[in-house]
Amino acid sequence: MAILIKDPGEKSLDTLLATLTTVLHPDTFVFATVDQAGGARLPLPALADLQLLFREQEAVTVVVTQRYAEAHQMAYLFPSRMITLNVTSSLDAVGFMAVIATRLASSCGMGVNPVSGFYHDHLFVPVGREADAVAELQRLAEEKRRELAA
């Protein structure tokens, strides 16, 4: 029997932004598929090796470390660093990821691949741009804290 549980996340956009901190993960991640050209199918990585798995109509997308992809001769793209937004946002929170993605696009000229997990949101940002993203997110949080204190 399935059980609907209480949402542990925050819904207030002001609170989410004012309490935002980040964790930059050390690995470089890449996006790949386990469905290859010509219909060949690579074995699905073990759960311990997966950061993300998403089934789409065209293929099964996986996010794995670049080290894993290269060791298993996987074709990949978008070498990226993962930033965890260290606030627990509700899956119903309105506008949080939009504010984050818009800020990084407008202030840094940076596209991101956001992913919402059960407890946290995560951003995959281009390798070499992670320091820019972390600094901009710190500025955003500080601006929101000053705005709310005024």
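The protein chain exposes about 8900 Å², and carbon and sulfur atoms supply 56% of that area. Areas were computed by the Shrake-Rupley method with a 1.4 Å probe; for residues, only the protein chains shown count as cover. The model is predicted: local features need pLDDT of at least 70, side-chain atom pairs count only at pLDDT 80 or more, and totals for chains, interfaces and linings use all residues. Residues are numbered from 1 along each chain as its sequence is written, and side-chain values use heavy atoms, with hydrogens and water left out.

The protein chain has four helices and six strands. Helices (H or I, at least four residues) and strands (E, at least two) are DSSP runs, numbered from the N terminus. From that end on, the order of elements is α-β-β-β-α-β-α-β-β-α. Along the principal axes, the C-alpha atoms fill a box of roughly 60 × 45 × 25 Å. Of the 150 residues in the protein chain, 35% are buried. Buried means under 20% relative accessible area, exposed means over 50%, and partly exposed lies in between (1.4 Å probe, protein chains only). Among contacts with a separation of 6 or more, 71% join residues 24 or more positions apart; contact means heavy atoms within 4.5 Å. The mean positions of the 12 positive and 17 negative charges are 3 Å apart. Here Lys and Arg count as positive and Asp and Glu as negative, while His and the chain ends are not counted. Each charge is placed at NZ of Lys, CZ of Arg, CG of Asp or CD of Glu.

Nonpolar packing was examined next. In soluble globular proteins, nonpolar side chains tend to be buried together. A nonpolar core is defined as a set of buried Ala, Val, Leu, Ile, Met, Phe, Trp, Tyr and Cys residues joined through side-chain atoms within 4.5 Å. The largest nonpolar core has 20 residues, of which Leu85, Phe96, Ile100 and Leu123 touch the most other members. At least two residues of this core come from each of helix H1 (13-18), S4, helix H3 (96-108), S6 and helix H4 (130-149). A second, separate core has ten residues, including Val30, Ala32, Val60 and Val64. Leu85 has contacts beyond four places in sequence with Leu20, Thr21, Thr22, Phe96, Met97, Ile100, His120, Asp121, Leu123 and Leu137.

Asp121, one of the residues touched by Leu85, is found in strand S6. Its relative accessibility is 3%, so Asp121 counts as buried. Leaving aside residues up to four places away in sequence, Asp121 touches Ile83, Thr84, Leu85, Ser89, Phe96, Met97, Val115 and Ser116. Asp121 and Lys11 are 110 residues apart along the chain, and their C-alpha atoms are separated by 13 Å.

The structure holds four aromatic pairs. Rings of Phe, Tyr and Trp (its six-membered ring) pair if their centres lie within 6.5 Å; planes under 30 degrees apart count as stacked, over 60 as edge-to-face and the rest as tilted. Phe29 and Phe124 form an edge-to-face pair, at 5.9 Å centre to centre and 80 degrees between the planes. This pair links distant parts of the chain: Phe29 lies in strand S1 (residues 22-33) and Phe124 in strand S6 (residues 121-126), 95 residues apart. Both Phe29 and Phe124 are buried. The ring centres of Phe31 and Phe78 are 5.8 Å apart and their planes meet at 65 degrees, so this pair is edge-to-face. Phe31 is in strand S1 and Phe78 in strand S4 (residues 76-85), so the pair ties together parts 47 residues apart in sequence. Phe31 counts as buried because its relative accessibility is 16%. Phe78, at 24%, counts as partly exposed. Ring pairs link Phe29, Phe31, Phe78 and Phe124 into a cluster.

Backbone torsions were also considered. Phe78 has a positive phi of about 55 degrees although it is not a glycine. Gln73, also a residue other than glycine, has a positive phi near 50 degrees. Gln73 is found in the loop between helix H2 (66-71) and S4. With 74% relative accessibility, Gln73 counts as exposed.

Ser107 has its place in helix H3. With a relative accessible area of 42%, Ser107 is partly exposed. Ser107 and Asp132 are 25 residues apart in sequence, and their C-alpha atoms are 9.5 Å apart in space.
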